[in-house]
Amino acid sequence: MADLRLAELTPENIDAAVGLALRPGQEKFVAPVAHSIAQAYVTPTAWPRVVLDGDDVVGFVLANFDPDHEIEEFRCGIWRLNVAADAQGRGVGRFAVDAVAAEARRRGRSRLTVLWENGTGGPEGFYLKVGFVPTGELFGETVGTKEI
Ligand SMILES: CC(C)(COP(=O)(O)OP(=O)(O)OC[C@H]1O[C@@H](n2cnc3c(N)ncnc32)[C@H](O)[C@@H]1OP(=O)(O)O)[C@@H](O)C(=O)NCCC(=O)NCCS
């Protein structure tokens, strides 16, 4: 994974983004990319990006930068993160978190949040590894916060 970068959705990469397949059993922890893109389409503060390795789409991340949101946890955070099954375990997820953190800092923010569902095969271990600390619970999910 030497050549990772973020890119906006385009007519050229959207099919690959929508077709991102997770490992069996992971689907219950994150919405399908098509659903996330639809939500981004109707959410002006949403920030959807694909992760490219060279020309290949290996991941999708949806962030949200909504500084005036009534719920503090939703003002600056990662909403969705999907890494392709065959690209997992090679730093794509960490790269996406770092890239969202860089964008958040560019916007003057100092804290990133994420919500995750607990369970076997879920993303909790990943988020703890990349620096999020459990800081609460919302809608039955754990809230993780990372100082950036
Ligand atoms: C969770 C997910 C995004 C991780 O992406 P990834 O590209 O495989 O993660 P990375 O390779 O960047 O891993 C970064 C570190 O976290 C660790 N890690 C990754 N997944 C882990 C897990 N489930 N449990 C514990 N540690 C984990 C890696 O070993 C790595 O550690 P290192 O830096 O010491 O080597 C990916 O598995 C995924 O898409 N899961 C299904 C969808 C999902 O749950 N998304 C989150 C919804 S909020």
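The model is predicted: local features need pLDDT of at least 70, side-chain atom pairs count only at pLDDT 80 or more, and totals for chains, interfaces and linings use all residues. Residues are numbered from 1 along each chain as its sequence is written, and side-chain values use heavy atoms, with hydrogens and water left out.

**Stop one: the ligand**

**Stop two: backbone contacts**

Now show polar contacts (pairs of N or O atoms within 3.5 Å). Ligand oxygen atoms lie 2.8 Å from a backbone N or O atom of Gly 91, 2.8 Å from a polar backbone atom of Gly 93 and 2.9 Å from one of Val 83. Taken alone, the ligand exposes 920 Å², and the protein buries 74% of that (Shrake-Rupley method, 1.4 Å probe).

**Stop three: the elements around it**

Helices are DSSP runs of H or I with at least four residues, strands runs of E with at least two.

**Stop four: the hairpin**

Finally, select β6 (residues 133-138) and β7 (residues 141-147), which pair in the antiparallel sense over five bridges; pairing takes at least two DSSP bridges. Leu 138 has Glu 141 in β7 as its bridge partner. Two residues lie between the strands of this hairpin, and Phe 139 in the turn has a positive phi of about 50 degrees.

Definitions and conventions. Polar contact = N/O pair within 3.5 Å; in protein donor to acceptor, adjacent residues only side chain to side chain.
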